[in-house]
Amino acid sequence: AEAAAAGGADRIELCAARELDGLTPSAGLFREVMKVAPGLPAWVMIRPRAGDFVHPAAELAAMARDIDLFR
C-alpha cells in the first residue's frame, strides 16, 4: 500500500491468499492498508474460499455482509 501510494496508483486491489488465486482479506488487513494509504480507494476481492463459484445461501449471506463491511 505504501509503494502504491508513493508510486501514484489510483487504487489498491486487495485480497488475501494469492496462492489460491485470491480470497477475501481480513478486516484487520483492510484497516491497516487504509491507514497507510488513506487517499486511495480499495477494491476488495470478495471470495470466501478457493474452489468453484457455486455458493450456498449461507456463503452468499456472509459475502453480502463482507461487501457491507468493506463498502
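Select Glu13 first: at 56% relative accessibility this residue counts as exposed, a class that means over 50% relative accessible area, with buried under 20% and partly exposed in between (1.4 Å probe, protein chains only). The model is predicted, so local features need pLDDT of at least 70, side-chain atom pairs count only at pLDDT 80 or more, and totals for chains, interfaces and linings use all residues. Residues are numbered from 1 along each chain as its sequence is written, and side-chain values use heavy atoms, with hydrogens and water left out.

Arg11 and Glu13 form a salt bridge in which the closest N and O atoms are 2.8 Å apart; the term denotes a side-chain nitrogen of Lys or Arg within 4 Å of a carboxyl oxygen of Asp or Glu. Arg11 is partly exposed, at 33% relative accessibility.

Proceed to Arg49, which is partly exposed at 23% relative accessibility. Show Asp52 beside Arg49: their side chains meet in a salt bridge of 3.1 Å, N to O. Asp52 is likewise partly exposed, at 44%.

Finally, select Asp10, Arg11 and Glu13 together; salt bridges that share partners join them into one network. Across the whole structure, the search finds six salt bridges.
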